Structure formats: C-alpha cells, structure tokens
Amino acid sequence: MMRAPRALVLALAVLAVARPSAAQTPSTPPGASPSTSPGAGEVTERFSRTAHLDADGAFELTNLYGQIVMTAGSGRDVTIEAVKRVQRPNQNAARALLQMIDIQVVEEANRVEVRTVYPRPRNFPGSVDFTITVPADANVSVRATGGSIHATGIRVEALRTMSGDIELVDASADRFATASAVSGNVTVRGLKASAIQLTTVSGNVRVDNSQSERLMARAVSGNVEYAGELARSGRYELVSHSGDVRLMLSGATGFEVQANSLSGTVRSDFPIARRGRGAEGNGRGAATPRAIRGAFGDGSALLVLRAFSGNVSIARR
C-alpha cells in the first residue's frame, strides 16, 4: 500500500480545521432582528401593538430594565412600540435568550396593562425599551426597576424607578401625582395637580413652573429646587438630608416660612418679618441664622424648608 506524501496529509488537515461545520453556522429564529451596530453579540427584536381606551381609562406599564418614553396622543388608541435587547459574546446565545423575554398586553374594563416578563435570575442580560403614546385623558402609572422614564403631556398618577432619571413635562393629574426614584434625578416642568409628591434617595429633585396646592419634595443625597409661582393657600414642603434646598420665586404671592438647617445657613432675598429667637437681620441676601420663622406679604402660602447638611435659600426669580 502506498502512503500519501506527508505534505498532502498536512494540507488536508488544515482544510478540515478551517472549514466551518454546520453547527457553527448562525441561524436567525423567526421574529428576531439581529443588530450588529451596537456591539458584538447584541441582538434585538421589535414589538408593536395597538390597544383602545375610552375616556378616562387607565394605563399601567411594568418594566424591569430599559428606557421608557411616553407622550400623549389626540386619539383613543394606545400605541406600544418596544425593542427587546440582549447582549452576549455569542450571538446564537443572545438570540436564544431574547426569545425568553415576553411582553404581555392585557386589555380589560377600559384598562390597558403592559408588563415585561423576564426569566430568572435577576441579572438576566436583557432589556426592553418602550415608546408609548396614550390618550391625553388616560391615567398613567409606570413602574420600572432599571431605566429612565421620560413623559410629556400625559395625565400621571405614579412614576417609579429604582435606577434611572424621571422627567415629567407639561403633564397633569386628576388629583394626586407622584414620582419617585431610588438612584436618579426627578425633574418636573409644567405639571398641574392638586397635590405632588416627589422623592429620590440618590439624586436631585427639581420642580419648574408647576401648579399645585400642595407639594412635598424630598431628597436624601441631593439638592431640592423649586422655581415658579406659589399658589395662594398652598403648602410647600422641601427637605434634603445631604444637599441644598433652593427656592426661586416669581409672582406676588405672600408666604409664611419655617426654614432651618442643622449645619448650613438660611437666607432670603425677601424681607421676612421674622419671629422667635435668633431673628436678627433684615432677611435680604446676607447669611442669616440657621432658622427663620416669619412671613412675607400676606403670608397666604406656607413654606416648610429643611436641610440637615446643606443650605436653604429663597431667591427672586
């Protein structure tokens, strides 16, 4: 028997190694939309759904990870656009994991509920980004674990996220509006509601040009700011544990103020008719004692301002 030349054997071996096997050929499951631009190993899949809400209906969204953008529309439809994402070093593995993310839409009794269902464990490497349009009179609630929430023109009940910013613009509330974050900023502009509650643990709270008879804004580690007019007979409570409390007031509404700081200063650009001990000073601009109790004008609104390791300031806008 003749033996093949040694060079021929080596050449055949190299070709066998270089040739991809059938098991290595990527396959795309139905419905998946592979993405190569964000980075190696990321795949995406789009989701689209339309639902209907009658007047004064309710919309609720529950999402674990991903960005949420909501706007108010002119019709009665709820349009739900979503992008599911999974990123893994191996695209085949990413596609398999992508199919495990489920977006559920439930319609019942003039209520639409959207929720994402992820497999365990909690560190699942996937997310869902939502872009949603709702009727302008729908009462909206959003709950997220990780990801920012941006909402414009909606009627809000509650916005909550564990890790991410909340931005609410030109919105309204039937009565009570709340927005809370654990790690993130809470920013509200042009909100109209009877009562507003805004909280964050690690982040800043800012309220700009909003209308409310009662406002409660708190931050554990961050600043709390209010800019705009006061409502007559309104009550405004702004508290920060590790940060400053700042008010920039416009309009002519008078107010009564109770302000103090444990280790900072309290100052006012308004001439405050002070009360109680430590009431020296004219209340305009210069650093003042750590507590002010008094009134400006007719004292119709009430300001309760607290800072533990920061400053409190009341300025003209």
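**Close-up views of a predicted model**

Of this protein's 317 residues, 44% count as buried, where buried means under 20% relative accessible area, exposed means over 50%, and partly exposed is anything in between (1.4 Å probe, protein chains only). What you're looking at is a predicted model, so local features need pLDDT of at least 70 and side-chain atom pairs count only at pLDDT 80 or more, while totals for chains, interfaces and linings use all residues. Residues are numbered from 1 along each chain as its sequence is written, and side-chain values use heavy atoms, with hydrogens and water left out.

**View 1. The whole protein, before we zoom in.**
The protein has 2 helices and 26 strands; these are DSSP runs numbered from the N terminus, with helices (H or I) having at least four residues and strands (E) at least two. Now take the contacts (heavy atoms within 4.5 Å) between residues at least 6 apart in sequence: 49% of them join residues at least 24 apart.

Look for Ser240 in strand 19, which covers residues 235-242. Is Ser240 buried or exposed? Ser240 counts as buried because its relative accessible area is 0%. Its side chain reaches the backbone oxygen of Gly222 at 2.6 Å. Leaving out residues up to four places away in sequence, Ser240 touches Ala219, Gly222, Val224, Val245, Arg306, Ala307 and Phe308.

**View 2. The largest nonpolar core.**
In soluble globular proteins, nonpolar side chains tend to be buried together. A nonpolar core here is a set of buried Ala, Val, Leu, Ile, Met, Phe, Trp, Tyr and Cys residues joined through side-chain atoms within 4.5 Å. The largest one has 73 residues, and those with the most contacts inside it are Phe59, Phe130, Leu238, Phe255, Leu303 and Leu305. Let's pick out Phe255: not counting residues up to four places away in sequence, the neighbours it touches include Leu230, Leu249, Ile272, Leu303 and Ile314.

**View 3. Two aromatic pairs.**
A pair of aromatic rings is described by the distance of the centres and the angle of the planes. Rings of Phe, Tyr and Trp (its six-membered ring) pair if their centres lie within 6.5 Å; planes under 30 degrees apart count as stacked, over 60 as edge-to-face, and the rest as tilted. How many aromatic pairs does this rule give? The count comes to 6. One of them is Tyr65 with Tyr118, an edge-to-face pair with 6.0 Å from centre to centre and 80 degrees between the planes. This pair links distant parts of the chain, 53 residues apart: Tyr65 sits in strand 3 (residues 58-65), and Tyr118 in the loop between strand 7 (111-117) and strand 8 (126-135). Tyr65 is partly exposed, at 27% relative accessible area, whereas Tyr118 is buried at 12%. Next come Phe255 and Phe270, whose ring centres are 5.5 Å apart with planes at 80 degrees, so that pair is edge-to-face. Phe255 belongs to strand 21 (residues 255-261) and Phe270 to the loop between strand 22 (266-268) and strand 23 (273-274), so the pair ties together parts 15 residues apart in sequence.

**View 5**
Two strands pair if DSSP finds at least two bridges between them. Strand 3 and strand 7 run parallel and are joined by 5 bridges, with Glu60 standing opposite Glu113 in strand 7. Strand 6 and strand 7 pair in the antiparallel sense over 7 bridges; Asp102 has Val117 in strand 7 as its bridge partner. The hairpin of strand 6 and strand 7 has 2 residues between the strands, and there Ala109 takes a positive phi near 45 degrees. Val105, in strand 6 (residues 102-108), counts as buried at 15% relative accessibility.

**View 4. Strand 24 and its partners.**
Strand 24 (residues 291-296) pairs with strand 21 in the antiparallel sense over 6 bridges, and Asn260 has Ala291 in strand 24 as its bridge partner. Strand 23 also pairs with strand 24 in the antiparallel sense, over 2 bridges. Here, the bridge partner of Ala273 is Ala295 in strand 24.

Terms used: Polar contact = N/O pair within 3.5 Å; in protein donor to acceptor, adjacent residues only side chain to side chain.
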